Amino acid sequence: VFNPTQTRKDRYSRWQNVEGIFKVRDPGRFEGKHILLVDDVITTGSTLEACASEILKLDGTKVSIAALAVAYM
């Protein structure tokens with residue numbers, strides 16, 4: 001799926017840009033697991049939030065997030 005770049009978007013626009021684009025292909029592999037999402041830089045957190053929200057729809061799933069840096073907007 002092609003999705004426009006997040007560059008130069010404000011927080012709300014970034015959230016709208018990634019809303020609903022992530023899907024879990026094989027839910028059975030992730031149910032009941034603790035998933036670690038890793039990002040190089042968290043700018044607004046919109047991408048991680050959109051991805052984590054899909055994972056958290058699965059029964060018994062937990063999500064943790066790690067990043068190398070945080071950008072201030």
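The following paragraphs describe the fold, the confidence and selected residues of a predicted protein model.

Residues are numbered from 1 along each chain as its sequence is written. Local features are reported at pLDDT of at least 70 and side-chain atom pairs at pLDDT 80 or more, whereas totals for chains, interfaces and linings use all residues, and side-chain values rest on heavy atoms, with hydrogens and water left out.

The protein chain contains 2 helices and 2 strands, where helices (H or I, at least four residues) and strands (E, at least two) are DSSP runs numbered from the N terminus. Along the sequence these elements follow the pattern α-β-α-β. The mean pLDDT, the predictor's confidence in each residue on a scale from 0 to 100, is 84 for the protein chain, and 77% of its residues reach 70 or more. Where pLDDT is low, the predicted coordinates should not be read in detail.

Strands β1 and β2 pair in the parallel sense over 8 bridges, pairing being assigned if DSSP finds at least two bridges between two strands. Within this arrangement, Leu-37 stands opposite Ile-65 in β2, and Val-41 stands opposite Ala-69 in β2. Of the contacts (heavy atoms within 4.5 Å) in the protein chain with a separation of 6 or more, 72% involve residues 24 or more positions apart.

Buried residues make up 25% of the 73 residues in the protein chain, where buried means under 20% relative accessible area, exposed over 50% and partly exposed in between, with a 1.4 Å probe and protein chains only. Helix α2 is mostly covered, with 7 of its 10 residues buried, including Ser-46, Ala-50 and Glu-54. The largest nonpolar core has 7 residues, namely Ile-35, Leu-37, Ile-42, Leu-48, Cys-51, Ala-52 and Ile-55; such a core is a set of buried Ala, Val, Leu, Ile, Met, Phe, Trp, Tyr and Cys residues joined through side-chain atoms within 4.5 Å. Both β1 (34-42) and α2 supply at least two residues of this core, and the largest share, 4 residues, comes from α2. Cys-51 touches Phe-22 and Leu-37, residues up to four places away in sequence not being counted.

Two threonines in loops were also examined. Thr-44 lies in the loop between β1 and α2 and counts as buried because its relative accessibility is 17%. The side chains of Thr-44 and Ser-46 are joined by a polar contact of 2.9 Å, a term for a pair of N or O atoms within 3.5 Å in which, within protein, one must be able to donate a hydrogen and the other to accept it, residues adjacent in sequence counting only if both atoms are side-chain atoms. Thr-61 is found in the loop between α2 (46-55) and β2 (62-70), and its relative accessibility of 9% is why Thr-61 counts as buried. A polar atom of the Thr-61 side chain lies 3.2 Å from the backbone oxygen of Leu-58. Not counting residues up to four places away in sequence, Thr-61 touches Phe-30, Glu-31, Gly-32, Lys-33, Ile-35, Ile-55 and Leu-56.
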